[in-house]
Amino acid sequence: MVEVYYYVPAEEVENVVQCGLKLSKWFDKEVLIDGESRKCLTALLNPKDDMEKFKSDKYRCVKLEILPKYCFVADSHLYLMGLSNPDAMELYYESVIPVEDYVFGSYRLPECLITSTVIGEYISVLEDRLGSPLLFDNSEELYLNNIMEVYQEKNTEFIDAMLYCFYSKLAEIGKLKKMEDKENRVAVFFDLPNNKRYTIKTPEIGNIY
């Protein structure tokens, strides 16, 4: 069984745990899966993947146990883009894969597409600090950390490159002052209001990528 998470209105929790989630009532989108349009209930791999509902008193998080054959993972950012961009929607459909094929950290904000009714026996309320231990704080953090690790392993100057680009942009909009020695590949950024100074090695972006 696969464990995923779903937010329901607080007043519906008791009914959901007792009676389940009927797909015909709770589905929120129809997705093309294996060439067939299927009703789907959209759940999460991590309760913190929807921080707005995580912090809200209006919703409660329930844990669902799903047979893998009824659960798929897709890239939710592509879906949102696809609402106004047909090409992005095609990429979204291509991103839909069986849950057992998904590698954690592959999508910035993965969504779990459940294609069947979930009976109450496989639904439980997720209480604070209870339930199965989670391997990561949220999916976006894992996704970004994975990218960072890949580039840091390739080149030790990656952190310098990232900070250089960030601070240079702040200098462009007048938030910092910049002094650069291109010959020695050093840049100094001055945060005058806070009396701080940041010395960064000027990166060779082509070598990092």
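Leaving aside neighbours within four places in sequence, which residues is Asp191 in contact with?

## Asp191

In this predicted model, Asp191 is in contact with Leu176, Lys196 and Tyr198, once its neighbours within four places in sequence are left aside. Asp191 belongs to strand S10, which covers residues 186-191.

Asp191 is buried and has no salt bridge. Its nearest side chain of opposite charge is that of Lys196, 5.9 Å away.

## Salt bridges

The structure has 7 salt bridges. One of them joins Glu140 and Arg108, with the closest N and O atoms 3.0 Å apart. This pair links distant parts of the chain: Glu140 is in helix H6 (residues 139-154), while Arg108 is in the loop between strands S6 and S7, 32 residues apart. Glu140 is partly exposed at 28% relative accessibility, and Arg108 is partly exposed at 33%.

Glu157 forms a salt bridge with Arg185, where the closest N and O atoms are 3.0 Å apart. Glu157 lies in the loop between H6 and helix H7, and Arg185 in the loop between strand S9 and S10, so the pair ties together parts 28 residues apart in sequence. Glu157 is buried at 17% relative accessibility, whereas Arg185 is partly exposed at 23%.

A further salt bridge is formed by Glu180 and Lys178, with the closest N and O atoms 3.2 Å apart. Salt bridges that share partners join Glu157, Arg185 and Lys201 into one network.

## Cysteines

There are 0 disulfides in the structure. Cys19 is in none, and the nearest cysteine sulfur, in Cys61, is 19 Å away. Cys19 is exposed, with a relative accessible area of 57%.

Cys112 is buried, at 0% relative accessible area. Its sulfur is 4.6 Å from the closest cysteine sulfur, in Cys71, which is too far for a bond.

Technical notes. Residues are numbered from 1 along each chain as its sequence is written. This is a predicted model: local features need pLDDT of at least 70, side-chain atom pairs count only at pLDDT 80 or more; totals for chains, interfaces and linings use all residues. Side-chain values use heavy atoms; hydrogens and water are left out. Helices (H or I, at least four residues) and strands (E, at least two) are DSSP runs, numbered from the N terminus. Buried means under 20% relative accessible area, exposed over 50%, partly exposed in between (1.4 Å probe, protein chains only). Lys and Arg count as positive and Asp and Glu as negative; His and the chain ends are not counted. A salt bridge is a side-chain nitrogen of Lys or Arg within 4 Å of a carboxyl oxygen of Asp or Glu. Contact means heavy atoms within 4.5 Å. A disulfide is a pair of cysteine sulfur atoms within 2.5 Å.
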